[in-house]
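Let's take a friendly walk through this structure, one feature at a time. Keep the sequence and the 3D view open as you read.

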Amino acid sequence: MEYIVSARKYRPMTFDSVVGQQSLTTTLKNAVKSGKLAHAYLFCGPRGVGKTTCARIFAKAINCQHPTDEGEACGECESCLSFNEQRSLNIFELDAASNNSVEHIKTLMEQTRIPPQVGKYKVFIIDEVHMLSTAAFNAFLKTLEEPPAHVIFILATTEKHKILPTILSRCQIYDFERMTVQDTINHLKAVAEKEGITYDEEALAVIAEKADGGMRDALSIFDQAASFCQGNITYEKVIEDLNVLDSEYYFRIVDLSLQNKVSEVMVLLNDILGKGFDGGLMVQGLAKHVRNVLMAKDPQTLSLLEVSDQQRQRYVEQAKKAPTSFLYQSLRLMNQCDMGYRQSSNKRLLVELTLIEVAQVTQPDADAPGSGRRPRRLKSLFKTLVQKAQPTVKTAPQVAAAAPKNQTLEVAAARTAAPAAAVPRITLSGITSSWNNLRKQVHPSRMTIPAGMPGAEEQAKLEAQDFTQEDLVLQWLSMCNRMPSQLSGIAARMKNMTPVITELPLVEVLVPNEMIKTEIETIKGSIVATLRQRLHHKGIELSLRVAEPMERQKILTRREQLEQLNRDYPGIERLCKELDLILT
């Protein structure tokens with residue numbers, strides 16, 4: 001007996017046997033019952049969802065001499081018998097992929113003039129209609145708009161966007177949906193029972209997911225799995241035959257990550273890669289798994305999981321253990337890995353780093369040494385050596401009492417004729433945590449004296465205090481680091497520019513091209529205001545100049561700048577090693 005593949009053997013012959021397209025089949029049956037038929041239909045949707053099958057069933061029902069009350073063909077009249085035996089002269093099928101020229105369409109148009117011999121209509125089914133040439137479409141237009149009364153066109157395509165709008169406007173359009181996983185599983189169960197094949201529901205779920213919404217693909221994979229499994233389709237044999245990564249790996253990775261077991265996650269990754277699976281596909285599968293866990297946390301989104309009932313319960317159980325913040329952060333990390341995977345020169349390292357970060361999302365001490373995670377904020381260069389100081393204003397007797405213990409520093413206002421007891425003093429209990437704060441406290445011009453106190457007039461004069469090139473560069477870099485995230489691009493470019501004092505307090509900045517100059521000029525006012533405030537000089541003015549070809553130098557990265565500093569100043573390299581400093 002000749003073997004027939006399941007996709008052909010179990011092809012639906014009635015509207016009721018079509019899977020997953022209930023709304024469309026109901027509409028077509030109602031059209032047959034009422035006799036209100038359009039002259040042109042367009043069936044569009046993904047491959048293997050029943051477009052051509054529904055077109056054939058519809059054509060058969062249209063010409064049936066005794067249709068049922070539900071709008072189905074009777075299957076017993078001469079028209080139905082001739083269709084079943086593939087000898088009907090009223091139904092024509094044309095493959096537009098191989099018959100897409102003007103001559104083919106003209107030949108088809110000639111056939112529309114001949115009325116049907118049996119039945120009411122001549123039905124022309126044109127499959128893959130988007131493959132017709134533009135000239136063929138134009139030749140088809142007039143007949144499609146005003147065909148003879150006995151002619152009905154049914155067009156089918158997988159790419160509706162390639163069809164001319166003039167064709168679309170002349171058709172009733174039916175959009176076919178992808179098969180859901182559950183519908184596919186149910187249909188495969190019915191086929192397996194008819195074929196006498198035993199199965200595991202999880203195995204059929206893997207086949208349904210692999211088919212990606214196409215029933216024809218699902219039946220083809222089902223035949224392949226049945227041959228491999230010798231009539232007993234099990235989950236283990238299916239994933240082996242289809243080379244699909246076992247979902248158990250994803251569940252274990254998430255469980256281990258919630259426990260911060262980085263080493264075990266790395267061993268599991270090595271096992272996956274050792275079996276020949278691609279790291280990028282593994283990350284995509286893990287991202288899909290985490291997405292499903294996130295959907296399982298809320299009963300309202302639980303229906304979005306296209307998995308078997310048993311698998312859905314496992315997702316619900318894992319969702320109870322996984323915090324929502326962990327799932328959000330993990331999805332973000334894996335999305336970044338997916339975007340950079342193709343450009344990465346060391347793909348395995350990228351996947352490993354991603355999984356390390358995922359496994360440490362829930363780690364309590366995010367800034368602990370050796371945690372492997374980026375610090376939440378940039379650590380001060382001397383954070384482990386210095387103590388944050390809080391300046392305090394004291395009177396002269398208090399300063400005198402504390403003199404043996406604390407070093408005191410008089411402000412410039414002490415030179416005035418005010419009484420000694422009224423002169424404010426500031427004490428430094430230790431070295432401050434940043435050089436910027438230290439400079440503000442040590443330099444008299446950085447201190448603000450309230451109005452009315454001795455020294456206030458001199459303080460106003462100090463707002464025009466001279467500043468050095470080093471002061472300017474320091475405040476420039478500090479300003480770039482504080483710029484908001486939406487200006488991160490221009491801030492990174494400005495870090496590579498060095499402002500120069502041309503004639504105090506005039507500052508000039510060389511920019512590489514006009515485009516960057518225009519971009520900086522949009523925020524020039526904010527830059528000048530910041531420099532005036534930080535350098536305590538109200539007369540600062542900023543000018544931008546496009547660098548001449550001879551003035552342009554290679555822009556060094558931060559790492560290249562550090563390497564150059566290490567070469568020029570060996571002490572910096574020793575300092576970095578002694579303090580175990582890294583470039584962030």
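We begin at Glu573, which has 33% relative accessibility and is therefore partly exposed; here buried means under 20% relative accessible area, exposed over 50%, and partly exposed in between, with a 1.4 Å probe and protein chains only. This is a predicted model, in which local features need pLDDT of at least 70 and side-chain atom pairs count only at pLDDT 80 or more, while totals for chains, interfaces and linings use all residues. Residues are numbered from 1 along each chain as its sequence is written, and side-chain values use heavy atoms, with hydrogens and water left out.

The side chain of Glu573 meets that of Lys577 in a salt bridge, at 3.9 Å from N to O. The term stands for a side-chain nitrogen of Lys or Arg within 4 Å of a carboxyl oxygen of Asp or Glu. Both residues belong to helix α26 (residues 570-579), where they sit 4 residues apart, about one turn of the helix. Helices (H or I, at least four residues) and strands (E, at least two) are DSSP runs, numbered from the N terminus. Lys577 is exposed, at 63% relative accessibility.

How many salt bridges does this rule give? The count comes to 20. One of them joins Glu352 to Arg348, with the closest N and O atoms 3.0 Å apart. These two are separated by about one helical turn because they are 4 residues apart in helix α17 (residues 347-359). Arg348 is partly exposed, with a relative accessible area of 39%.

Another salt bridge brings together the side chains of Glu201 and Lys189, at 3.6 Å from N to O. This pair links distant parts of the chain, since Glu201 is in helix α9 and Lys189 in helix α8 (residues 181-195), 12 residues apart. Glu201 has a relative accessible area of 28% and is partly exposed. Elsewhere, salt bridges link Glu78, Glu85 and Arg87 in a network.

Now for the cysteines. A search of the whole structure finds 0 disulfides. Cys77 is buried at 5% relative accessible area, and Cys80 is buried at 0%.

Next, turn to the strands. β12 (residues 506-511) and β13 run parallel and are joined by 6 bridges; two strands pair if DSSP finds at least two bridges between them. Val511 stands opposite Val546 in β13.

Helix α14 (279-295) is among the elements supplying at least two lining residues, and its 8 residues are the largest share.

Technical notes. Disulfide = S-S within 2.5 Å.
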